[in-house]
Amino acid sequence: MYKDTYNEWLANVSGEQKQELSAIFDDDKEIKERFTLPLAFGTAGMRGTICMGISNMNEYTVARATKGLSDYINSLGSDKAKRGVIISYDTRRMSFEFALTSARVLGANGVKAYLFENVRPVPMCSYAVRHLNCIAGIMITASHNPKEYNGYKVYGEDGAQMSPEATAVVVKYIQDTPYFGLAKEDVKSTNHKDIEGKDNYVLSEHITVIGKSLDDDYYAQISKLSLSKDAVEKVGKDIKIVYSPIHGSGYVPVTTMLAKMGISVSVVEEQKYPDAEFSTVAMPNPEQPDALKMGIDLANKLGSDIVIGTDPDCDRMGIAIRDNKGEFILLNGNQIGAMLMDYILMRHKQEGTLPKNSAVVKTIVTTRLADKIARSYGAEVFDVLTGFKFIGEKIKEWESSGEYTFMFGYEESYGYLSGTHARDKDAVVASMLFAEMTCYYTSKNISLYDKLNEIFAKFGYFVETSKSIAFKGLDGMEKMAQIMEEFRKDDLLVVDGVNMLSKTDLMAGTIKYFDDGRLEMSELPQTNVIKYEFGDDEWLCIRPSGTEPKLKIYVSTKAESKEASEKRNLGIQSAILSKIQ
């Protein structure tokens, strides 16, 4: 079967694409890898390596997915198609080409498309969906994956990633769509340089290029989220901040916002401009120490206070701060989010602008330090499934009901959102607020490191770790499924000498309490996640990744000291990993 699919592709492509496929003619393993299973399209869209094949990102898989999306939109009525789809893209290989292909397929199917004139981050795409009253959005990005990858994310009309229900319908349309022979609308030019700098430029009957006007609207909206203008005015030009976009789409929006605020910033020159090879890092992921190394080196040279780094599509932000010895340390996503949330709630309380129905939203694998902080300000805390779209759902729900006021949302994987202008994580806003927070504490003669430790001293020292285990090959997904099934059967009553209190199986939708055998139904939606509770705000969670063949293990512990919490965490983590590897 896979050989037949391979031969079909070989017969339908030409030039370099045909040469690429011809080169693997005698490599049955490679042909099997590329042509057995179609690239999965889920609620996080699709993501894969860039090469020819149904399992990969290329112009044919992108066109097919877009045709499926077009059919879905047209099924909703002609008025929906006229509202259009916003298309954004980052600095990765083939990002513009995939974006243009998407626009042309939409156009050929009678769906209006708005195409950004140049790279833009995820939050601008999310913002533009609602600002332009679009029916959907497309973001071409593989986030923080290696350079060989690219991806395709779809947003619903609320600006959040498309819901599981809508995605399921789109997938059915995609499955009925061939890879070849799809119509593409004629355009004035397919050269990226011909549209750069354009705004409200008509590229074809259904495609409009947009730029500066939307940028200005976005900047105006997020400027309203500033909380400490006096502190910024006082020390903004004196503090020293180093920023790196890590060759991604964050350079213009982040530096623009900091300049508008009056905060001085030094940019890592070698990582300033787009580079599809991400040549200065092993991986363009601000979670990785290597990604911020050049920023830290520059900060040490300049005597800077903090280092900020954003990933290629500028939805994740990493931070390095100085400890009490003057050495730079990397904060993890849980710590960054906790500090930002504490700052936002504190400043609103000080200014008398904290609503009585304030609420924060976090994912089920995010630290419970967030719960402690939020409740100390009288804010409610809501846990949602992993994926920022579920945080976006809460914003939409509360805007309609008025039951709560959204103040902040975050996930442990370095994604944060303040404000409701976007429905996805926004590293532009996060960078702006972290820089402002630095100004605020500097004006009070408080270091960020001391503030973080003040939070730990008040609520306990939380340590969170996560481990991803990759499963390669066609049987990777099957291996993950087997492991999840084993944990589903195993109650894990004791791990590394620690007694488990309960087990939540979200696939079954149940919570089992070990002390009395009680079984309750979970309020969270059904998904492939197993979570164990084993103490005061301590837990263990196991889930497959939604976008890659990886199993993710999370462990969260709490103690009175960093050392004690780390030791407890490491023991539990090692015990769990030994059951898998």
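Predicted model: local features only at pLDDT ≥ 70, side-chain atom pairs only at ≥ 80, totals over all residues.
Okay, let's start with helix α11, residues 251-261. Its buried residues are P253, V254, T255, M257, L258 and M261. Buried here means under 20% relative accessible area, exposed means over 50%, and partly exposed is in between, with a 1.4 Å probe and protein chains only.

Residues are numbered from 1 along each chain as its sequence is written, and side-chain values use heavy atoms, with hydrogens and water left out.

Back to the helix. What do the buried residues of α11 pack against? They pack against α7 (122-131), α9 (212-223), α10 (229-235), β8 (241-244), β9 (266-267) and α16 (427-443). When I say contact, I mean heavy atoms within 4.5 Å.

I246 sits in the loop between β8 and α11. I246 isn't a glycine, yet its phi is positive, about 50°. Most residues other than glycine have a negative phi. I246 is also buried, at 0% relative accessible area. D537 is another non-glycine with a positive phi, about 60°. You'll find D537 in the loop between β23 (530-535) and β24 (538-544), and at 14% relative accessibility it counts as buried.

Now let's zoom out. The chain has 19 helices and 25 strands. Its radius of gyration is 24 Å, close to the 25 Å that the globule rule gives for 581 residues, so the chain is as compact as a globular protein of that length. For that, the radius is taken over C-alpha atoms, and the rule is 2.2 Å times the number of residues to the power 0.38. Along its principal axes, the C-alpha trace spans about 65 × 55 × 50 Å.

How much of the chain is buried? Buried residues make up 59% of the 581. And if you take contacts between residues at least 6 apart in sequence, 67% of them join residues at least 24 apart. On charges, there are 69 positive and 82 negative side chains, and the centres of the two sets lie 2 Å apart. Lys and Arg count as positive, Asp and Glu as negative, while His and the chain ends are not counted. The place of a charge is NZ of Lys, CZ of Arg, CG of Asp or CD of Glu.

Next, the inside. In soluble globular proteins, nonpolar side chains tend to be buried together. A nonpolar core is a set of buried Ala, Val, Leu, Ile, Met, Phe, Trp, Tyr and Cys residues joined through side-chain atoms within 4.5 Å. Which residues touch the most other members of the largest core? Out of its 120 residues, they are L115, Y152, M317, L340 and F434. Helix α16 gives the most to this core, with 12 residues. Apart from it lies another core of 23 residues, including M484, L492, V495 and I572.

Let me finish with a few single residues. T177 and H192 are both in the loop between α8 (164-175) and β6 (201-202). T177 is buried, at 7% relative accessible area. Leaving out neighbours within four places in sequence, T177 is in contact with R64, K67, G68, D71 and L182. T177 and T66 are 111 residues apart in sequence and 9.8 Å apart in space, C-alpha to C-alpha. As for H192, not counting residues up to four places away, it touches Y89, F96, E117 and N118.

Then there's V463, in strand β17 (residues 461-470). V463 is buried too, with 11% relative accessible area. Beyond residues up to four places away in sequence, V463 touches V555, S556, T557, K562, S565, E566 and N569. The C-alpha atoms of V463 and E117 are separated by 43 Å.

Last one: is K356 buried or exposed? K356 counts as exposed, at 86% relative accessibility. K356 lies in the loop between α13 (333-351) and β13 (358-363), and its C-alpha is 30 Å from that of A128, 228 residues away along the chain.

Technical notes: Helix = DSSP H or I, 4+ residues; strand = E, 2+ residues; numbered from the N terminus.
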